[in-house]
2 protein chains.
Amino acid sequence: MLTIGKLGESAGVKVPTIRYYEQIGLLPEAERSAGNQRLYGRKSQERLAFIRHARDLGFTLEAIRDLLSLSDRPDQSCAAADAIAKAQLAEVESRLARLTALKAELERMVVQCAGGSIADCRVIEVLSDHSLCATDHRHPESEVPS
Amino acid sequence: MLTIGKLGESAGVKVPTIRYYEQIGLLPEAERSAGNQRLYGRKSQERLAFIRHARDLGFTLEAIRDLLSLSDRPDQSCAAADAIAKAQLAEVESRLARLTALKAELERMVVQCAGGSIADCRVIEVLSDHSLCATDHRHPESEVPS
DNA sequence: CTAATGTCTCTAGCAACTATAGCTTCAAGG
DNA sequence: CCTTGAAGCTATAGTTGCTAGAGACATTAG
């Protein structure tokens with residue numbers, strides 16, 4: 001049995017994050033020692049590793065919640081899991097496309113900066129006037145990190 | 001003079017967002033009409049457009065605050081503005097690199113899913129075990145949206 | 001045995017908004 | 001002139017995924 005600190009270390013997750021996952025129900029309530037400290041076994045370790053890995057791949061906690069409940073029912077079809085992964089892939093692809101456009105615009109901006117005074121600064125100028133932009137990099141809709 | 005609604009429409013920014021920007025000091029306190037409604041002139045319109053455009057390019061509100069205060073002093077060197085833009089570019093590039101790795105991993109995951117049951121699901125399996133991954137897509141450090 | 005570290009709960013804070021509630025003001029139609 | 005509906009006002013709370021702090025108890029190394 002591991003203490004919360006050891007568990008966190010083993011999974012690369014900070015201690016308060018583990019408690020947070022328990023609080024929001026992603027992890028079940030942990031067993032407690034005589035002194036009221038949380039204790040974890042192998043199953044918890046695997047579950048936390050799963051969560052961590054999915055987070056690293058950019059899945060939201062909501063998606064992870066779904067994936068976990070799917071993985072708890074191994075006899076069912078994996079269509080739902082597949083759909084979640086595909087949605088995440090689509091999300092990543094759309095963010096990639098947007099970031100690529102942003103990168104081009106920022107590069108243009110930075111390259112054109114001649115290093116004079118603010119009055120001639122290309123950076124400020126471009127920011128002031130979207131029509132100076134080459135690409136259309138408007139915020140399409142919702143966006144989430146990672 | 002524009003009402004807050006018209007201003008928002010003209011800049012593509014929602015009304016509560018404008019009030020929020022005022023609240024955090026990104027926009028100055030607006031003039032008020034006899035009936036206590038906010039009124040905006042051309043300068044506010046330009047300032048808001050600047051903010052919106054910079055947000056679209058992924059700059060944080062903090063960076064925008066700096067850029068705005070720079071643009072208020074047109075006689076100074078543009079080195080600071082250049083540095084902010086370069087930092088943003090670096091940020092975007094690092095996020096691009098990470099997302100590219102994620103995309104590859106997710107594609108592998110999705111392609112390998114044969115559509116059977118959860119027990120054989122490649123998606124769940126890969127999430128359970130990072131060693132099945134081709135790339136090292138661990139969370140490097142801080143991350144911000146956009 | 002003591003001191004340092006770890007853990008406990010609870011609360012508040014971060015970015016950058018978004019949503020809700022309950023009010024007032026404004027513009028247009030009858 | 002009056003009403004009605006949209007738009008505006010303030011203030012507060014919620015969102016996501018944590019992170020940080022306070023103050024108390026548990027455990028472990030020396």
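Guide: The surface near DNA strand D comprises six nonpolar, 10 polar and five charged residues, where Ala, Val, Leu, Ile, Met, Phe, Trp, Tyr, Cys and Pro count as nonpolar, Asp, Glu, Lys and Arg as charged, and the others, Gly among them, as polar. This is a predicted model, in which local features need pLDDT of at least 70 and side-chain atom pairs count only at pLDDT 80 or more, while totals for chains, interfaces and linings use all residues. Residues are numbered from 1 along each chain as its sequence is written, and chains are lettered from A and ligands numbered from 1 in the order in which they are written.

Around DNA strand D there are 21 residues, of which Gly35(A), Thr60(A), Leu61(A), Gly5(B) and Arg38(B) come nearest; a residue is near a strand if its C-beta atom, placed from the backbone, lies within 6 Å of it. At least two residues of this surface are supplied by each of α2 and α4 (61-71) of chain A and α1 (4-11) and α2 of chain B. Helices (H or I, at least four residues) and strands (E, at least two) are DSSP runs, numbered from the N terminus. The most is given by α2(A), with three residues.

DNA strand C is surrounded by 23 residues, and the closest are Thr3(A), Gly5(A), Arg38(A), Gly35(B) and Thr60(B). Here α1 (4-11) and α2 (15-23) of chain A, with α2 (15-23) and α4 (61-71) of chain B, each contribute at least two residues. The surface near DNA strand C has seven nonpolar, 10 polar and six charged residues.

Arg38(A) also belongs to β3(A), where Arg38(A) is the bridge partner of Arg32(A). Three strands of chain A form an open antiparallel sheet in the order β1-β3-β2, two strands being paired if DSSP finds at least two bridges between them. Because β1 (2-3) and β2 (31-32) of chain A stand at the edges with a single partner strand each, one side of each is left without a neighbour in the sheet.

The two chains also meet each other: the contact takes 55 residues from chain B and 55 residues from chain A, residues being in contact if their C-beta atoms, placed from the backbone, lie within 7 Å. On the chain B side, the largest share, 20 residues, comes from α5(B). That side divides into 27 nonpolar, 15 polar and 13 charged residues. Leaving aside neighbours within four places in sequence, Val123(B) is in contact with residues including Cys78(A), Ala81(A) and Met109(B).
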